[in-house]
Amino acid sequence: MNAPSDTIAQYNFAYLDEQTKRMIRRAILKAIAIPGYQVPFASREMPMPYGWGTGGVQVTASIIGPDDVLKVIDQGADDTTNAVSIRAFFQKVAHVAVTTHTADATIVQTRHRIPEEPLKEGQVLVYQVPIPEPLRFLEPRETETRKMHALEEYGLMHVKLYEDIAQHGHIATTFAYPVKVEGRYVMDPSPTPKFDNPKMHMSRALQLFGAGREKRIYAVPPHTRVESLDFEDHPFEVQRFDEPCALCGGMDVYLDEVILDDQGGRMFVCSDTDHCEERRDAGHRGHLAGEDGPPSSISEGGTQ
Amino acid sequence: MTDEPLLRVRSVSKFYGNRIGCEDISFDLWPGEVLAVVGESGSGKTTLLNCLSTRLMPTSGSVAYRMRDNAFHDLYRMSEAERRMLMRTDWGFVHQNPADGLRMTVSAGANVGERLMAVGDRHYGRIRAAATDWLGRVEIAEDRIDDQPRAFSGGMRQRLQIARNLVTGPRLVFMDEPTGGLDVSVQARLLDLLRGLVHELGLSAIVVTHDLAVARLLSHRMIVMKDGHVVESGLTDRVLDDPQAPYTQLLVSSILQV
């Protein structure tokens with residue numbers, strides 16, 4: 001596939017060459033076949049620094065087609081630097097349609113959030129992963145962690161949770177909360193808040209994880225069990241918020257804290273900007289939303 | 001006690017290239033028995049211990065272990081998964097340097113609880129109760145349970161390592177110079193503790209040491225090694241009181257008298 005003929009073909013469609021895409025697709029297929037298993041792949045250098053989503057971008061570039069509709073979020077927001085740059089990148093190199101509406105997207109590339117709106121069949125969620133190995137900070141040797149995955153020796157993961165309870169009285173891990181996929185592999189769900197962990201369980205969408213610097217791809221196919229690790233007497237719990245979103249009044253969503261002044265003023269707003277807007281368009285109002293009509297552009301979302 | 005040994009070692013040899021680590025070692029270890037392996041530095045004690053505990057592959061020979069189902073299994077024919085399972089449930093390994101056997105960056109309680117979690121215990125309260133119990137048995141104060149081993153003295157670390165190994169109720173414990181690097185009064189306490197635990201739990205143990213006093217206090221039987229070979233073996237008191245091989249005579253006569 002080449003870029004449209006009326007422009008000079010500067011890039012192959014979706015930036016990566018076809019052989020590279022084929023290699024990444026093979027890795028993705030293997031990852032889907034073994035849910036939660038980290039498949040090594042020959043990660044390429046991308047025109048962005050490591051840590052900006054080079055893994056996610058390569059996965060997206062390998063699966064995107066001309067008919068796809070792409071949505072990119074960064075911590076839930078469509079309007080932050082990382083999301084805007086990656087969206088612009090794919091507009092430029094693949095000429096695909098982009099959207100900010102979760103329901104309209106066929107591919108959602110995300111940095112550290114899962115959209116509030118439940119994903120549907122046929123959608124693909126691509127995660128940008130900094131460190132794919134959940135055991136890394138407990139066992140620094142890669143040879144040893146691979147062996148532990150192979151032999152299903154996951155006692156060490158509970159040592160971390162034990163330490164949390166011993167020090168804080170409860171499991172204080174709030175992000176990158178380890179999960180067990182389909183009863184076999186322990187997986188790092190990338191640094192998403194643990195609030196999002198239940199959304200991964202039996203999700204109807206395909207979930208792909210790409211770690212560019214660490215050269216690993218892993219996946220959770222649709223309708224797969226994803227269980228958060230816990231203790232019998234300290235079961236897994238998600239974060240709870242005392243107040244609703246200050247703009248849309250939404251409850252049961254993940255909220256960001258925004259500092260308003262240096263007098264201790266703060267507000268809590270939806271981290272998922274698209275969800276917040278749709279609620280405001282539907283007439284929902286939080287206590288700081290103002291009286292005028294619903295904001296028309298995402299720049300007023302105010303998550304920064 | 002049954003009339004079958006726990007561990008059956010037959011002609012175990014380990015060569016490092018042309019150099020001998022240990023050669024043609026055979027013995028039986030019986031349930032509840034403590035065997036000391038003594039000899040000078042470089043005599044192959046630790047090589048032998050590592051071969052027996054499957055941390056090192058011997059060049060030739062076989063080691064059969066009687067599992068809880070009373071069947072003998074050749075350790076080197078087991079899958080790695082089975083061996084690792086054995087090492088963290090039915091066996092213990094006490095390193096000379098506690099830092100090698102402990103996780104220095106997690107608390108004492110988690111160190112003791114790790115083996116329980118590794119075999120599938122998922123109840124925090126029970127794990128913590130077991131950890132508290134074991135810290136008490138190795139004479140570590142209960143209020144140190146959330147401290148990291150980094151904050152412990154050498155003797156405490158060694159005792160913590162022992163608790164960590166014994167929490168799953170192993171039947172066989174390997175010890176590599178368990179009292180090395182400790183001062184004599186701490187050594188005496190640790191030996192006292194070890195002797196009590198071994199007796200109370202009916203453990204079998206293989207203790208590698210260069211210190212004949214440790215062998216005398218802990219072990220029932222000993223083998224004396226020199227240059228990778230066994231030069232003498234027998235009941236500890238017999239070997240120490242009536243050494244027969246010239247090397248053993250030399251070794252016994254070189255103990256410092258105070």
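The legends below describe close-up views of a predicted model.

**View 1. The interface of chain A and chain B.**
Chain A and chain B bury about 1900 Å² between them, and 57% of that area is on carbon and sulfur atoms. The contact is made by 20 residues from chain A and 22 residues from chain B. Five salt bridges are found across this interface. One of them joins the side chains of Glu144(A) and Arg84(B), at 3.0 Å from N to O. There are also 11 residue pairs in polar contact across the interface. On the side of chain A that touches chain B, α4 (142-150) and α5 (155-168) each supply at least two residues. The largest share of that side, eight residues, comes from α5(A). By class, the side of chain A that touches chain B has nine nonpolar, three polar and eight charged residues.

**View 2**
A disulfide is a covalent bond between the sulfur atoms of two cysteines. The structure holds zero disulfides over all chains. For Cys22(B), the closest cysteine sulfur is that of Cys51(B), 4.9 Å away, and this is too far for a bond because a disulfide requires the two sulfur atoms to be within 2.5 Å. Cys51(B) is likewise in no disulfide, its nearest cysteine sulfur being that of Cys22(B). Cys22(B) is buried, with a relative accessible area of 0%. Cys51(B) also counts as buried, at 0% relative accessibility.

**View 3. The surroundings of Ser13(B).**
Ser13(B) lies in strand β1 (residues 7-16) of chain B. At 6% relative accessibility, Ser13(B) counts as buried. Leaving aside neighbours within four places in sequence, the residues in contact with Ser13(B) are Cys22(B), Glu23(B), Asp24(B), Pro58(B), Thr59(B) and Ser60(B). The side chain of Ser13(B) reaches the backbone nitrogen of Asp24(B) at 2.9 Å. Ser13(B) and Gly61(B) are 48 residues apart in sequence, yet their C-alpha atoms are 6.2 Å apart in space.

**View 4. The salt bridge of Glu152(A) and Arg184(A).**
Over all chains, the structure has 39 salt bridges. In one of chain A, the closest N and O atoms of Glu152(A) and Arg184(A) are 3.7 Å apart. Glu152(A) is in the loop between α4 and α5 of chain A, whereas Arg184(A) is in the loop between β6 (179-181) and β7 (185-187), so that the pair links parts of the chain 32 residues apart. Glu152(A) is partly exposed at 37% relative accessibility, and Arg184(A) is partly exposed at 22%.

**View 5. Two salt bridges within chain B.**
Side chains of opposite charge can pair when their charged atoms come close. The side chains of Arg10(B) and Asp28(B) meet in a salt bridge of 3.2 Å, N to O. Arg10(B) is in strand β1 and Asp28(B) in strand β2 (residues 19-29) of chain B, 18 residues apart. Arg10(B) counts as partly exposed, at 33% relative accessibility. A salt bridge of 2.9 Å, N to O, joins the side chains of Arg137(B) and Glu200(B). This pair links helix α5 (residues 124-137) and helix α7 (residues 184-201) of chain B, its two residues being 63 residues apart. Arg137(B) is partly exposed, with a relative accessible area of 28%, whereas Glu200(B) is exposed, at 52%.

**View 6. A network of salt bridges in chain A.**
Arg113(A), Glu116(A), Asp196(A) and Lys199(A) are linked by salt bridges into a network.

Technical notes. Residues are numbered from 1 along each chain as its sequence is written. Chains are lettered from A and ligands numbered from 1 in the order in which they are written. This is a predicted model: local features need pLDDT of at least 70, side-chain atom pairs count only at pLDDT 80 or more; totals for chains, interfaces and linings use all residues. Side-chain values use heavy atoms; hydrogens and water are left out. Buried means under 20% relative accessible area, exposed over 50%, partly exposed in between (1.4 Å probe, protein chains only). Contact means heavy atoms within 4.5 Å. Buried area is the accessible area (1.4 Å probe) that two parts lose on being put together, summed over both. A salt bridge is a side-chain nitrogen of Lys or Arg within 4 Å of a carboxyl oxygen of Asp or Glu. A polar contact is a pair of N or O atoms within 3.5 Å; within protein, one must be able to donate a hydrogen and the other to accept it, and residues adjacent in sequence count only if both atoms are side-chain atoms. Helices (H or I, at least four residues) and strands (E, at least two) are DSSP runs, numbered from the N terminus. Ala, Val, Leu, Ile, Met, Phe, Trp, Tyr, Cys and Pro count as nonpolar, Asp, Glu, Lys and Arg as charged, and the others, Gly among them, as polar.
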